[in-house]
Amino acid sequence: HFQPPEFVERLIDEMARHKLDVLHWHLTDDQGWRIQIRKYPELTSIGAWRTPASLHGAAPRYGVFYPPAAIRKIVKYAAARYISIVPEIDMPGQPTAAIAAYPQFGVTGVRPPVSPDWGVHTYLYNVDEATFAFLEDVLGEVMDLFPGTYIHIGGDEAAKDQWQKSPQVRQRMRELGLSSEAALQGYFTARIGKFLAAHGRRLIGWDEILEGGVPADATVM
């Protein structure tokens, strides 16, 4: 669920009171895309909104997002209290909201609804060049907003069902000489890590990224 900037600033105040100095800010998920990316406006015009599951479309859609100005203000607010912010932009799993906005970056090309419910979903990003270009564009704008060293890419809850069933993904695995979907996620992680490193940043992810191998300089939670 989205929390308004006032709540985030209040949380930062409490962190400072207890001498906590890193805020891990989870900004994308299957249930909503919460950070405005100027190059891809439908991430928020479509991906930030959902219909509550229990209401079956009978109620107004729920959603909101943080524009760049709000994020810059929060980052500055945190820095004044000696707190750095690590943004999390999930990949390759938990992309349902992004694929609802841009289905060409998903495996099937089908536009799903933004998920109204909890749980592990099976949507994954595609592994073609257009999808990596999209993710690099997104991360470029994220890095402009967050000056800290670490960029979190998630890596957890990446159920491999769609990759396993996709002829295109299987062909890509053969081209790359990869024998498993876990290894494909390892390739995915390493490629994103190399992009971040080229911009002076470091990749951080959940420990599921270990299953496919990680770059030597990756940080694991």
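The model is predicted: local features need pLDDT of at least 70, side-chain atom pairs count only at pLDDT 80 or more, and totals for chains, interfaces and linings use all residues. Residues are numbered from 1 along each chain as its sequence is written, and side-chain values use heavy atoms, with hydrogens and water left out.

**Salt bridges**

I noted eight salt bridges in the structure (a side-chain nitrogen of Lys or Arg within 4 Å of a carboxyl oxygen of Asp or Glu). In one of them, Glu14 meets Arg17 at 3.2 Å, N to O. Both lie in helix H1, three residues apart, about one turn of the helix (helices, H or I, of at least four residues and strands, E, of at least two are DSSP runs, numbered from the N terminus). Arg17 counts as exposed, at 57%.

I then turned to Glu129 and Arg191, whose side chains form a salt bridge at 2.5 Å, N to O. Glu129 is in helix H5 and Arg191 in helix H8, so this pair ties together parts 62 residues apart in sequence. Glu129 is partly exposed at 44%, and Arg191 is partly exposed at 22%.

Arg172 and Glu175 form a salt bridge at 3.4 Å, N to O. They are three residues apart in helix H7, so about one helical turn separates them. Arg172 is buried at 18%, whereas Glu175 is exposed at 52%. I recorded that Glu129, Arg172, Glu175 and Arg191 are linked in a network of salt bridges.

**Core**

I looked up the largest nonpolar core and found 56 residues; Trp33, Ile35, Leu43, Phe146 and Ile192 have the most contacts inside it (a core is a set of buried Ala, Val, Leu, Ile, Met, Phe, Trp, Tyr and Cys residues joined through side-chain atoms within 4.5 Å). H5 gives the largest share of this core, eight residues. Beyond its neighbours within four places in sequence, Phe146 is in contact with residues including Trp25, Ile35 and Arg201 (contact means heavy atoms within 4.5 Å).

**His121**

I placed His121 in the loop between helix H4 (96-101) and helix H5 (129-145). His121 counts as buried, at 17% relative accessibility. Its side chain makes a polar contact with the side chain of Ser115 at 2.6 Å (a pair of N or O atoms within 3.5 Å; within protein, one must be able to donate a hydrogen and the other to accept it, and residues adjacent in sequence count only if both atoms are side-chain atoms).

Terms used
Buried means under 20% relative accessible area, exposed over 50%, partly exposed in between (1.4 Å probe, protein chains only).
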